[in-house]
Amino acid sequence: MTQCVACQGDMSDTPPKGYLHFEDDAKHSDPVSVDDLTTLFHNADTRLVVLSACGSAVTQGTSVFNGVAPGLIQAGVPAVLGMQGSPPVKAMVKFFERVYSMLAEAKRLPDAVNSGRRAIFRDKPPAWFMPVVYLRSSDDTYGQLFAQ
């Protein structure tokens, strides 16, 4: 039997779904489902969503779109950057410094992410493989999200 971590309820018949857990003023977990997030971002002008939360790019079950990052792609967000695991904070600081620096120079998102991965490639424990890019593009821009 699969149980809910919060209430210990039976979740055997519940299809897997991604959540982001926010913290309310009382420091309690406030889970927001991928369904709620896709409603929020559907038809929005958001070009890029960056999810530094652990496991935000992970999918489970039969649908690739039940995870948070791929669910946002399905909702129409052109690009989503998420995490496959729980990378060390120190590595992610170096990673995001490089990514944001390159995006500020109007570089393509895949190039910025690859540069960020190179910045943390030799870090211990290894984390270079955890950032994942999802792109949705109907043209040949391949991650060129911002004008030069």
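This is a predicted model: local features need pLDDT of at least 70, side-chain atom pairs count only at pLDDT 80 or more; totals for chains, interfaces and linings use all residues.

Trainee: Okay, strands. How many residues of S4 are buried?

Mentor: S4 is mostly covered, with 5 of its 5 residues buried. Ala79, Leu81 and Met83 point one way from the strand, while Val80 and Gly82 point the other way.

Trainee: And S3 next to S4, do they run parallel or antiparallel?

Mentor: Parallel, with 3 bridges joining S3 to S4. Valine 49 stands opposite valine 80 there.

Trainee: What about S4 and S5, parallel or antiparallel?

Mentor: Those two run antiparallel and are joined by 5 bridges. In that pairing, leucine 81 faces valine 133 of S5.

Trainee: Switching to helices. Which residues of H4 are buried?

Mentor: H4 spans residues 109-119, and the buried ones are Leu109, Pro110, Ala112, Val113, Ser115, Gly116 and Ala119.

Trainee: What covers them?

Mentor: The cover includes strands S3, S4 and S5, plus helix H3, residues 89-104.

Trainee: New topic, then: where is aspartate 45?

Mentor: Aspartate 45 sits in the loop between helix H1 and S3.

Trainee: Is aspartate 45 buried or exposed?

Mentor: Exposed, because its relative accessible area is 76% and the cut-off for exposed is over 50%. Along the chain aspartate 45 is 33 residues from proline 78, yet C-alpha to C-alpha they are 9.4 Å apart in space.

Trainee: Now the rings. How many aromatic pairs are there?

Mentor: The count is 4 aromatic pairs. Take phenylalanine 96 and tyrosine 100: their ring centres are 5.6 Å apart and their planes are at 20 degrees, so that pair is stacked.

Trainee: Where do phenylalanine 96 and tyrosine 100 lie?

Mentor: Both are in helix H3, 4 residues apart, about one turn of the helix. An α-helix has 3.6 residues a turn, so residues three or four places apart point the same way.

Trainee: How accessible is phenylalanine 96, and how accessible is tyrosine 100?

Mentor: Phenylalanine 96 counts as buried at 11% relative accessibility, whereas tyrosine 100 is partly exposed at 44%.

Trainee: And phenylalanine 121 with tryptophan 128, what kind of pair is that?

Mentor: Tilted, because the planes are at 50 degrees, with ring centres 5.6 Å apart. Phenylalanine 121 is partly exposed at 43% relative accessibility, and tryptophan 128 is partly exposed at 35%.

Trainee: Last one: which rings are linked into a cluster?

Mentor: Ring pairs link Phe95, Phe96 and Tyr100 into a cluster.

Definitions and conventions
Residues are numbered from 1 along each chain as its sequence is written. Side-chain values use heavy atoms; hydrogens and water are left out. Buried means under 20% relative accessible area, exposed over 50%, partly exposed in between (1.4 Å probe, protein chains only). Contact means heavy atoms within 4.5 Å. Rings of Phe, Tyr and Trp (its six-membered ring) pair if their centres lie within 6.5 Å; planes under 30 degrees apart count as stacked, over 60 as edge-to-face and the rest as tilted. Two strands pair if DSSP finds at least two bridges between them.
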